[in-house]
Amino acid sequence: MQAVYLPAFNPSPSSLVPSTVAIPSAKDDDYLIRITHCSPQHADILHANGKHQNVHAKRGHVHPPFILGYDFAGVIEQVPSSNVAARDLVEGDRVIGGRIGAFAEYIAVPRNAIRRIPDGLDSASACAMHGVAVSYASVVEVARVKQGEAVLVSGASGGLGSACCMVAKAVGATVIALAGDEEKAKAMRRDMDVDAVIVNTGDWIQKVMDFTGGRGVDAVLDNTGMVNDAIRCCAYSGTIVILGFAARGGVMEDVKMNRLLLKSITVVGYRYGESGRRFPKQMNEIWDGYLKMLADGKLKPLLYGKYEGLSSMGRALKDLEERKVYGKIVVSVAGEVERSKL
Ligand SMILES: NC(=O)c1ccc[n+]([C@@H]2O[C@H](COP(=O)([O-])OP(=O)(O)OC[C@H]3O[C@@H](n4cnc5c(N)ncnc54)[C@H](OP(=O)(O)O)[C@@H]3O)[C@@H](O)[C@H]2O)c1
């Protein structure tokens with residue numbers, strides 16, 4: 001099969017091209033999936049160049065050689081014999097999933113790595129939304145955003161940021177999206193359902209305060225690493241959820257602790273993957289809520305550009321690195337093959 005295979009970390013992920021490797025052999029409890037779509041995210045770039053926390057020599061689990069990629073949609077080609085009796089998923093079912101090795105034509109994964117795609121949702125959109133279930137977890141479960149509250153999202157053009165905006169709107173919040181530049185802000189105002197898009201330059205914090213009538217926001221979903229700025233944007237007793245550090249280039253900030261006390265602010269980190277490994281029951285509840293929002297049409301996946309075939313993955317990673325993207329890139333790998341309904 002074709003796959004974006006890394007024999008070693010690569011400092012320039014945009015130069016990656018697919019090569020021919022063996023189709024993975026499904027072990028006892030594995031499902032073999034024919035991948036129809038995959039979706040790159042910021043973490044894939046860090047995995048490729050060896051800068052993600054998951055590549056840490058002691059704590060990590062992503063080491064060369066490996067096939068890059070995490071989020072995929074596909075069709076079940078083979079069900080493990082151990083699960084044939086349960087038949088909750090069968091050959092031909094459309095599924096989404098997450099496991100290292102997704103930028104490929106096939107992947108073999110355990111049952112807990114895949115979920116059925118709701119009827120009526122196309123596989124490309126489902127693939128786009130798979131990797132950003134973090135948005136539902138962080139907005140609904142961690143920040144506990146309520147109807148009528150004001151929410152600020154940093155890195156709002158990104159995959160996770162744009163999904164945070166959608167989930168916050170779906171629960172009835174007023175959403176302020178931060179954008180890197182005016183050009184992207186224009187596209188976001190046109191294509192995203194948010195209440196304000198503010199460009200992250202100059203007096204942007206004052207603009208957030210003005211928009212909220214001087215009160216500040218109830219919650220900040222921070223994808224870029226701006227806790228000190230988030231404190232200044234928060235209302236009294238607000239919550240800041242630390243999701244990522246996309247803008248920090250690996251250098252962490254020192255936080256003004258006295259300002260947290262003065263405003264009674266809660267700062268909470270949320271690590272989706274590890275939380276899922278430790279608390280699978282809670283993760284299933286998160287997915288039930290998230291898939292229901294998707295199936296009910298409350299979240300409108302925002303797909304950026306056109307990327308056909310694994311050979312377009314280098315361009316996709318380049319566009320991500322260059323911050324051109326708003327919403328999610330989905331790379332089509334193969335045509336959708338639906339199970340016969342006869
Ligand atoms: N906590 C978790 O469990 C979890 C799960 C998934 C991802 N993450 C993290 O969440 C963050 C967002 O991930 P993503 O996949 O949504 O990334 P993404 O699609 O690349 O989006 C990141 C956004 O951050 C903004 N940004 C500002 N400065 C940047 C810089 N120097 N480099 C790159 N982007 C910059 C960009 O928007 P503008 O150009 O408009 O500023 C960009 O759209 C990443 O840090 C990722 O590692 C965390």
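Mentor: A salt bridge here is a side-chain nitrogen of Lys or Arg within 4 Å of a carboxyl oxygen of Asp or Glu. Keep in mind that this is a predicted model.

Trainee: OK, how many salt bridges does that rule count?

Mentor: The count comes to 15 salt bridges. One of them joins the side chains of Arg116 and Asp93.

Trainee: What's the N to O distance for Arg116 and Asp93?

Mentor: It is 3.2 Å from N to O, and the cut-off is 4 Å.

Trainee: Where do Arg116 and Asp93 lie, and what does the pair tie together?

Mentor: Arg116 lies in strand S9 (residues 114–116), and Asp93 in the loop between strand S6 (71–78) and strand S7 (94–98), so the pair ties together parts 23 residues apart in sequence.

Trainee: New topic. Which domains does the assignment give?

Mentor: Domain 1 covers 2–131 + 303–332, and domain 2 covers 133–273. Their C-alpha centres lie 28 Å apart.

Trainee: How many residues of each are in contact?

Mentor: 12 residues of domain 1 are in contact with 16 residues of domain 2. Between them the two domains bury about 930 Å², with 53% of that on carbon and sulfur atoms.

Trainee: Which residues in domain 1 lose the most area to domain 2?

Mentor: Met129, Arg323 and Tyr326, which together make up 48% of what the domain 1 side buries.

Trainee: And how many salt bridges between domain 1 and domain 2?

Mentor: The count there is 0. The interface does have 5 residue pairs in polar contact. By class, the side of domain 1 that touches domain 2 has 3 nonpolar, 6 polar and 3 charged residues.

Trainee: What about aromatic pairs, how many are there?

Mentor: The structure holds 4. Among them is Phe9 with Phe66, an edge-to-face pair at 6.3 Å centre to centre, with 65 degrees between the planes.

Trainee: Why does the Phe9 and Phe66 pair tie together parts that are apart in sequence?

Mentor: Phe9 lies in the loop between strand S2 (5–6) and strand S3 (19–20), while Phe66 is in strand S5 (residues 66–67), so the parts tied together are 57 residues apart in sequence.

Trainee: Last one, the backbone. Which residues does a cis peptide bond join?

Mentor: Pro64 and Pro65, with omega about 0 degrees. Pro65 is in the loop between helix H1 (42–49) and S5.

Notes. Residues are numbered from 1 along each chain as its sequence is written. This is a predicted model: local features need pLDDT of at least 70, side-chain atom pairs count only at pLDDT 80 or more; totals for chains, interfaces and linings use all residues. Side-chain values use heavy atoms; hydrogens and water are left out. Domain bounds come from an automatic or database domain assignment. Contact means heavy atoms within 4.5 Å. Buried area is the accessible area (1.4 Å probe) that two parts lose on being put together, summed over both. A polar contact is a pair of N or O atoms within 3.5 Å; within protein, one must be able to donate a hydrogen and the other to accept it, and residues adjacent in sequence count only if both atoms are side-chain atoms. Ala, Val, Leu, Ile, Met, Phe, Trp, Tyr, Cys and Pro count as nonpolar, Asp, Glu, Lys and Arg as charged, and the others, Gly among them, as polar. Rings of Phe, Tyr and Trp (its six-membered ring) pair if their centres lie within 6.5 Å; planes under 30 degrees apart count as stacked, over 60 as edge-to-face and the rest as tilted. Helices (H or I, at least four residues) and strands (E, at least two) are DSSP runs, numbered from the N terminus.
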